[in-house]
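Visitor: I am new to this structure. Please show me how to read its features, one at a time.

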Amino acid sequence: MPAVLLVAFALVERIFSSCVILRDERVIIRNPLGEVSVPYANVVRIHTTGGGNYTLVTTGGAEYLATAYGGSLIDVLFKTTDRAVDVSWEEIAARRPKQRAAGTVRKRMVRPCWLADIAMVIALILACAAVLVASLGS
């Protein structure tokens, strides 16, 4: 039972740690599994999709979705995605370099999330111990 709770905790932690971060020179979109880092010079526009998703479009035409703003009931009531798009666009426009030299977009398929990763390792150890105890008890 503790292993199942730890796995559930790890999943919830990864989902709730999703966010959009505006750094000095780039915007970072952290999703539950991966993340993408886009220099401000590469951002063409940010918009919301019909389902309420925060979408960033780059100079190459690639679109990156931020699952932190996934069109929930809270978003419908308070328009959080629209506000996040407006704030992000204002910040990027203010911080964007005058010369539009394109930088590199960095992608990570699996991002570190230390609480979730440690919880998964402990859950795996507990599950292996449970299997071992069950097999020795028979």
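Guide: Start with one residue and its neighbours. Contact means heavy atoms within 4.5 Å. Val43 touches Val27, Val38, Leu56, Val57, Trp89, Ile92, Arg96 and Arg100, leaving out residues up to four places away in sequence. This is a predicted model, where local features need pLDDT of at least 70 and side-chain atom pairs count only at pLDDT 80 or more, while totals for chains, interfaces and linings use all residues. Residues are numbered from 1 along each chain as its sequence is written, and side-chain values use heavy atoms, with hydrogens and water left out.

Visitor: Which residues of the largest nonpolar core touch the most other members?

Guide: The general idea first. In soluble globular proteins, nonpolar side chains tend to be buried together. A nonpolar core is a set of buried Ala, Val, Leu, Ile, Met, Phe, Trp, Tyr and Cys residues joined through side-chain atoms within 4.5 Å. Buried means under 20% relative accessible area, exposed means over 50%, and partly exposed lies in between (1.4 Å probe, protein chains only). Here the largest core has 14 residues, and Val27, Val38, Val43, Ile46 and Leu56 touch the most other members. At least two core residues come from each of β2, β3, β4 (43-48), β5 (53-58), β6 (63-70) and α3 (80-95). Helix α3 gives the largest share, three residues. Those names follow DSSP runs: helices are H or I with at least four residues, strands are E with at least two, and both are numbered from the N terminus.

Visitor: Is Leu56 buried or exposed?

Guide: Leu56 is buried, at a relative accessible area of 0%. Its place is strand β5. Its contacts include Val27, Ile29, Val38 and Val43, and also Arg45, Ile46, Ala62, Glu63 and Tyr64, again not counting residues up to four places away in sequence. Look at Ile46: it is 10 residues from Leu56 in sequence, and their C-alpha atoms are 4.5 Å apart in space.

Visitor: What does Thr58 touch?

Guide: Thr58 also lies in strand β5. Thr58 is buried, with 6% relative accessible area. Not counting residues up to four places away in sequence, Thr58 touches Val38, Asn42, Val44 and Tyr64.

Visitor: Why is strand β3 largely enclosed by the rest of the structure?

Guide: Count its buried residues. Strand β3 covers residues 35-39, and five of the five are buried, so the rest of the structure largely encloses it. Check the two faces as well. Glu35, Ser37 and Pro39 are buried on one side, and Val36 and Val38 are buried on the other.

Visitor: How many bridges pair β3 with β2?

Guide: Two strands pair if DSSP finds at least two bridges between them. Strand β2 (residues 26-30) pairs with β3 over five bridges, in the antiparallel sense. Four residues make the hairpin that joins β2 to β3. Within this pair, Ile29 stands opposite Val36. Strand β7 (residues 106-108) is also antiparallel to β3, through three bridges. There, Lys107 is the bridge partner of Val36.

Visitor: Which residues are linked in a network of salt bridges?

Guide: Side chains of opposite charge can pair when their charged atoms come close. A salt bridge is a side-chain nitrogen of Lys or Arg within 4 Å of a carboxyl oxygen of Asp or Glu. The structure holds four salt bridges. Arg30, Glu35 and Arg108 form a network of them. From Glu35 to Arg30, the closest N and O atoms are 2.9 Å apart. Arg30 is partly exposed, at 27% relative accessible area. From Glu35 to Arg108, the closest N and O atoms are 3.8 Å apart. That pair links distant parts of the chain, with Glu35 in β3 and Arg108 in β7, 73 residues apart. Glu35 counts as buried at 16% relative accessibility, and Arg108 counts as partly exposed at 41%.

Visitor: How many residues apart are Glu91 and Arg95 in helix α3?

Guide: They are four residues apart, which means about one helical turn separates Glu91 from Arg95. These two form a salt bridge, with the closest N and O atoms 3.1 Å apart. Glu91 is partly exposed at 30% relative accessibility, and so is Arg95 at 34%.
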